[in-house]
Structure formats: C-alpha cells, structure tokens
Amino acid sequence: MKKEYIYHRFERFWHWMQAALIIFLGVTGFEIHGAFSFFGYEQAVEYHDIAAWTFIVLIAFAVFWHFTKGEWRQYLPTWTNLKAQADYYIFGIFRNAPHPTKKTVLSKLNPLQKLVYAGLKVLIIPAMVGTGLVYMFYRYPQHNQVLGLNISGLQTVAVLHTIGAFLLVSFFVAHLYLITTGSTVTSNLKAMITGYEEIPEAKDDLHAKPSTTEAPVATAGLGEVIK
Amino acid sequence: MKRIFLTLFVFGVFAAMVLTALHKNSTDTPPLTKLKEQYSAKKQASVDHSLFPQLKKKFTRPQDVTAACISCHNGRAQEVMHSSHWQWERTEYIAGKGIRSVGKRNILNNFCIGVTSNEQSCSRCHVGYGYANDKAYFNDSLDVDCLACHDNSGTYAKGNETAGMPDKKVDLSYVAQHVGLPTRTDCGTCHFFGGGGNNVKHGDLEEALFDPTKDVDVHMATDGEDMQCVDCHTAQKHQMLGKMYSVSSMNRNRVRCENCHGSMPHKDNVLNDHTLKVACQTCHIPEYAKVNPTKLFWDWSKAGKLKDGKPYELKDSNGTDIYMSIKGSFKWGKNLKPDYVWFNGTATHYLLGDKFDPSKPLDINRLLGSYDDPDSKIYPVKIHTAMQIYDTKYDYLIQPKLYSAKKGDGGFWGDFNWQTSATAGMKAVGLPYSGHYGFTETRMYWPINHMVAPKEQAVKCSECHTRDDGRLADVGGFYMPGRDYNPWVERIGLGMMALTLGGVFLHGGARFVVSRKRKRNS
C-alpha cells in the first residue's frame, strides 16, 4: 500500500460544501414540495433561497477552478474500461478482483464515475439551477409590466425541478454506498477528507502511470502537466 | 494574465453577491407609521351646529330639518339624490346581460329576497323619507334624510315600517344641533343589520364594530386608530367610494387596501410577489364573524308554521334565532374561515324574470375571474345558501310580498300563505305567476373586506401551501407549491428511490456474505 495525493484542498472543500448544500436543499426543497413539515413552510422557503444562492456562488468558484486547473478533462466520458468497470461492480467486486482502473491525481475518476458526474454537471445541476432561478424570478402575469419572468404558470418549471430532485436523491443514495467500494471500505471516504488515498501497489496498471506520489505544484494546471 | 482573470472573477462574484443583497432590501419601508399618525389625529368640526339659530327651534317634521340643512348646504341634497344610497339602483354593465339599471330596488337576494312590495319596511334603511312603494315620488329634496348619516348625537333612529320616517321618540332638534361627519354608528345602524338582524348578511360587518378591539378589526379598533367607515369609504359630492357585489357588477368605484398601503407593502419580497394574485384580504382576514354569528343558511320553505294559530320563534342556547314562523329556519356560524374564489372585480346577477334550472343550485350573484385573467386575484368570500320560493312552471324566482300592513293584503308576515304572498309580490314586479310554487337552493357570494386582523394573526404560509385540505384546496387553475404535484413524477420518483435503495442493500448484502465466506475459507 502506498499513499497518493488525489484530492486538492479546494476540491475537498468544494465537495463537502456541495454535499452539505445538496442535503440541505433536499430537505428544505421536499418540505416546500409538501412531502413533510420540519422547519415550517416560511422558513423552508427562506433557507432554500439562501442555500440556493450559496450553491450558485460555490458553483461559480468550482467552474473557475475546473477551467483554470484543467480539471474539467477528468469528466470527459470515455468508452475505455467502461465495460470493465461495470463488470467489476457486477462480478469482480465479489471475487475480490482488483479495481480495473487506477486512481491517480491525473485520473481520479473511473469511467462510470466520469459518465455519472458529467451527467450531474452538465444536465442535472444546470437543470436544477435553471429551473430554480426561473422559480425564484417568476412573477405572475400582469398588465403592461415586466417584472422578471412573465410566464403563464409554474407547473412545468416546478415539475422539472421535482424530477431533478428525485434524481439527486437516488444519486445520493447510490453515492453513499459506492463510497464503501474503494480498496478498503473506508479508503474513499478518507481520501475525500484528507486528500490522500491508500492505493494498493499494482503490477498491471491499466490506465495511467502514477506520475508521482507527491502532490503536483498547486499552480500547475493539468494541461501543463500533460504537455 | 491568470492573476488578472482571477481577480476579475473574484470581484465579479463579490459584486453579484452585493447586488443580490441590495436587491432584497430595496423595497420601501411600509409607511405604516405615517398612516397611523395620519388617522390617529381626530377630525375637529369646523363649526358648532348647536349655535346656529336655524337649528335652535322645535322641529316636528323631519323634512323641516332637511330644509334647515340645505338652507346653508345648498346643492347637497341633489348630490344625495344622485347617489346609490338614495336611488337604490344604478346603471351597470352585467356580463352576458348588457347594460341594466340594477340595485336594491330590483335585485333579488336570498335573505329577505327583495324590496318590491315591501318598501314600507325595507325603506327603514333608505336615506329618505316616504319611500312607501315603488311609485314613491323621488324628486323632493326635502325628503332627503340628512340625519340618518350625519347624526353625531347617537340618538337618531328610523321607525319600524314607517317608510323611512324617524322614530316618533327622536328629538329632531337635538339631533339637528349635533351633526357632523358620519360615524361608524351612523353607517352601522343600517349596514351591520342588513337582512333583518345583526351580522345576518355580511359576516364581517356587525355591531361588534361599534366598539371593536384590535383583534376584531385592526383599523376600527377603539384601542387603536378608531378609524371611521368614511376614512376609507371617502366621498366626493356624496358619492361614496365602495359598493357591494350583491348588487354591483362592475370593476369600478372600489375601496382598495392598496390605496393606503401600496401594492407591495411587505418587507419580504416573496410576500410581495403574492400581491399580484392574492388579495390583501385573503391573508389578512383569517376569520370573520369573530364576535357574533352570521347567517349561513336560510330555509324559507320551513316558514309559516304556527302554534295555536300564532307565529313563534325558537332560539338556540346562545340566544340566536334558529326558527321564525315569518322567515323559516336558519343555520349560523361564528369564527369562520372564509371560502376563496378568483375574482376580477366584476360580477353577474340573477335578474328578475331570468329562467334557471331548478335541479341545480342557483347563483344569485357570481363573482367572475380565473387564474388566467390578469385582473383576477384570490378573494375571501362568505357563501350564503338558501331555499327560496320560485315559480315551478315558469322556472324563475318569485318576489314574495312579505311585509303585511293588514291581514288579507297578501303579506306573508300577516297571512302566512305563500300563494297569496307570491301573487301579490309578482303583481308588484309585473311578472306572471303560474300559481305553482316550490323552493329551490340558491347561493350568494359576499366578499369579505372587514375584520382585518393584526398582522401577527395573518394567515400563515402553511395554511395554503399544504397537501392536506388547505385554505385554497378548492381554488384551481394554477400550480401552487406545497399543495400541487404531478402524481406520475411522484410515483416514478419514489419508485426510483426505492429501487436504488433496494439495489444498494442487495449489492452490499452480497458483498458482505461473499467477504465472510472468503474469510472463513482462508
């Protein structure tokens, strides 16, 4: 076993902030949806709005980070090893087979993760933010006045927002479980907290050579490293 | 280059956050304190009427008082005679019916039903003297009853069944010397007792408003601003602002909360958003009939039972009438949550002679509006239901003669005979009566505008934004968060969650079992 630096400081901050915000938005959101009553409707709406704006600010920073560091490339979906990864979760994991992909700072996501996270980033989250903003700036139609968005009703927006919320809950459940599927049950969780992951020494490196056990210089973008 | 970009970006995010924060605080502070100041200052009369020689004399006829009034206030009587307080009708456009002259004079309701043939009694609340029948002469300015509205002595009263003449006991000279702006007492004497008793009709206008606390009405509270009716129902040339949709049809001449409070009076913008589709009254009048009950159901078909040949009355344990031989049986309600409807300020009315389908309840007035109509907002209403008399052959409502001057004149309250009552009443309105009558269910919608509660008691978000039987459960045409959802999205969403959870447990369980086996084997 060796320790490898996988998750940068900002990346971890962003992940945990995002986790907390999504959970909070989920709780307040489903209360607004009428599923249960916890904070009280008025507070739920107020908190949901505040959390939504915080999330948008966080997204702005994350987008900036992804592009300046070149991290967005991590999420480019690939066919390579996609089947191998799926086979691993269906068969290999029960036979104590090694992970088919190797986690490195240059390639921290397996092909399935790339697919799911890319879907979250380009579909679900933007859809939630988009419908959420429409929801927030929606004004009921009225004469000779344009106060924000003038659309005839909330229904479509609200239903789309709800669909997104259900998808996120399902993702959340699966995500919590998949944390336990690292090289040990807790290794993934530890990595997201400390940044370092214990990775078994493997002979057959299928994906990428681990470049270094040291963290790369913080200012160096991925693109530059590749060059 | 990167550093500049970074700086610009951080600055941009910061600016966006500041702008958002500023935007949230940009609403005007509600001018409530200013309003309170303005209405706390009590108006001082500019003259003392008790010193005028014209009024320092013995008046025997009320018309002489009017003559004295208009000897100074010339032209005012003509203004009154142009008002609906005098005419009891006005020209209105009614959707689907065109331009009609309608009002108390000729519109039926489902309380005491109609004025025609009963003028002698009904005109107790007419702002004139001698409105005894529908042919009454309406042109004499001396018949204007100035005192009914301008009495500040609290001693003026009209007599029972005197066609609007004052009660014999009233000291006209004393009243004439104590006149001024109309008080709640003046207005309430008629408007609190419409339908033949306290709070019968409106539900939000009743004798408790003579001396209400803030909990009953935050504007009129005598422990608060003690506002008078005419503070909101202002008048130009004796034309009062405001009207009731039991007799009015058009979106005009309305008193609006917004006139003083503005259209976005809340600090919270989410609440201000509501004002485009939700009337102020909807949230700020959580309950009506707060002190005394209001009539909800009136069954005329039960009227006319006699004990030993004599009419009688039954009261419940609270002293409220539940049966009267002259009127039938009643149901009352107190501390009521209003019903809610879309309303755009226009209404339609059942008019005398309109045919209807007696197999369904008949709306005597209907408030028009819908979510899609930009003029419409959700308003609170009281719905009053009745069983009332109609012609079973011609399928229209009957105007019965109720008031009876003497036995045998057809008046139901003397003869207790629907047949002669219907004959006399329909003759008076000039419509044929087939001789066959029955009773049909009718409904009236009364917008609730008074008994505004202190803001702390306003309706809470969750009273409407809820799945279980909220206040707006029956108000349709739109999606309301918290109340509405798409059942398919709900089913599929929950199914997906269950499948994910099931998959996780299955997969995890299998891993657990396999790893234990492996441990045992090794």
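What distance separates the centres of domain 2 of chain B and domain 3 of chain B, taken over C-alpha atoms?

This is a predicted model, in which local features need pLDDT of at least 70 and side-chain atom pairs count only at pLDDT 80 or more, while totals for chains, interfaces and linings use all residues. Residues are numbered from 1 along each chain as its sequence is written, and chains are lettered from A and ligands numbered from 1 in the order in which they are written.

**Exercise 1: solution.** Begin with the bounds, which come from an automatic or database domain assignment: domain 2 of chain B covers 89–114 + 190–463 and domain 3 covers 487–522. Their centres, taken over C-alpha atoms, are 62 Å apart.

**Exercise 2.** Describe the packing of α4(A) with α5(A).

**Solution.** Helices here are DSSP runs (H or I, at least four residues), numbered from the N terminus. Helix α4 (residues 111–137) of chain A packs against helix α5 (residues 155–178) of chain A at about 140 degrees, their axes lying 9 Å apart; axes are lines fitted to C-alpha atoms over the stretch in contact, and angles run from 0 to 180 degrees between N-to-C directions. The two helices are therefore oblique to each other, a class left over once angles under 35 degrees (roughly parallel), over 145 (roughly antiparallel) and 65 to 115 (roughly perpendicular) are set aside.

**Exercise 3.** How many residues of chain B are in contact with chain A?

**Solution.** With contact meaning that C-beta atoms, placed from the backbone, lie within 7 Å, 34 residues of chain B touch 34 residues of chain A. On the chain B side, the largest share, 12 residues, comes from α16(B).

Key. Two residues are in contact if their C-beta atoms, placed from the backbone, lie within 7 Å.
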